[in-house]
Amino acid sequence: MISDAPVLQQTSELAESTAAPSRLSRYARPVLGLLLPLTLALGWELVVWLGWSNGRLVPPPSRIFTTITDLAHSGELIRHITATLGRVSLGFAFGVVAGTLLGAISGYWSLARRLLDPTVQALRAIPSLAWVPLFILWLGIFETSKVALIAVGVFFPVYLGVMGAILSVDRKIVEVGRVFRLSGFAMIRRILLPAVLPAYVVSLRVGLGLGWMFVVAAELIGASEGLGYLLLDGQQLGKPAQILAAIVIFAILGKLTDWLIEIAAAPFLRWQDAFGRAKGA
């Protein structure tokens, strides 16, 4: 009788040796992502420290960090971040629901697409600031108009992403489902949803990015708090460090929320055989 112990031991050693590099690469990715901004920040700090620039219009990172720390100690930073996060969250939720429903209807039903899509595409070309006076007139200067403006920014990429994803589903896959006599619900769950989900996640990320962009325009509508208000206040008072501090916080919050969408979607996209994943990206 031949023992399988050496084979099992070699298999376990091979699994451990491959697991260690994968853990290392997982921790190395965030570090690589921080490499470029940290290098630029340290480079500009060095330029100002050497006296090659006075740093008045573009303050060095140390001055921006001091501004953020002062705002945090005074309690203003939390107040502004909370106000902006609340507006973006509500606007994102309303925009995603509307964009998903109308995009799914337009993608699945050709008559609805002919009726809805030309109007939606025309509205998509309107600049964000053009909605501001209209929303002030309709909804006032309080939170409703701000949330509505953010929802408009989120709606269009989600609508286009859902409609385009449904239209791009391979007809052969649907025919296979019909051959296996899948019910309507089973067809959606086992064929349409997996085919649409990758593009849908991308559209959510694009919509979230536009939501962060639109919140600045939204907070110009009579806001007394929020990161957009902090930007405007820094401009009016001539505080470039405060302006850049607000921009840095916008960047951090935008990246964190985008990362949360990636984390939430990852379990549903494990089946993807992506090129980047195969190359270790």
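**View 1. Gly 43 in helix α1 of the predicted model.** Gly 43 belongs to helix α1, residues 5–49 (helices are DSSP runs of H or I of at least four residues, numbered from the N terminus). This is a predicted model, in which local features need pLDDT of at least 70, side-chain atom pairs count only at pLDDT 80 or more, and totals for chains, interfaces and linings use all residues. Residues are numbered from 1 along each chain as its sequence is written, and side-chain values use heavy atoms, with hydrogens and water left out. At a relative accessible area of 31%, Gly 43 is partly exposed (buried is under 20%, exposed over 50%, partly exposed in between; 1.4 Å probe, protein chains only). Its C-alpha atom is separated by 9.8 Å from that of Pro 61, 18 residues apart along the chain.

**View 2. His 80 in helix α3.** His 80 lies in α3, residues 76–108. His 80 is buried, its relative accessible area being 0%. Neighbours within four places in sequence aside, its contacts are Ser 224, Glu 225, Gly 226, Leu 227, Tyr 229 and Leu 230 (contact: heavy atoms within 4.5 Å).

**View 3. Helices α3 and α6.** The axes of α3 and α6 (residues 143–167) come within 6 Å and cross at roughly 35° (axes are lines fitted to C-alpha atoms, for helices over the stretch in contact; angles run from 0 to 180 degrees between N-to-C directions). Their contact has 20 nonpolar, seven polar and three charged residues (Ala, Val, Leu, Ile, Met, Phe, Trp, Tyr, Cys and Pro count as nonpolar, Asp, Glu, Lys and Arg as charged, the others, Gly among them, as polar).

Key:
Helix = DSSP H or I, 4+ residues; strand = E, 2+ residues; numbered from the N terminus.
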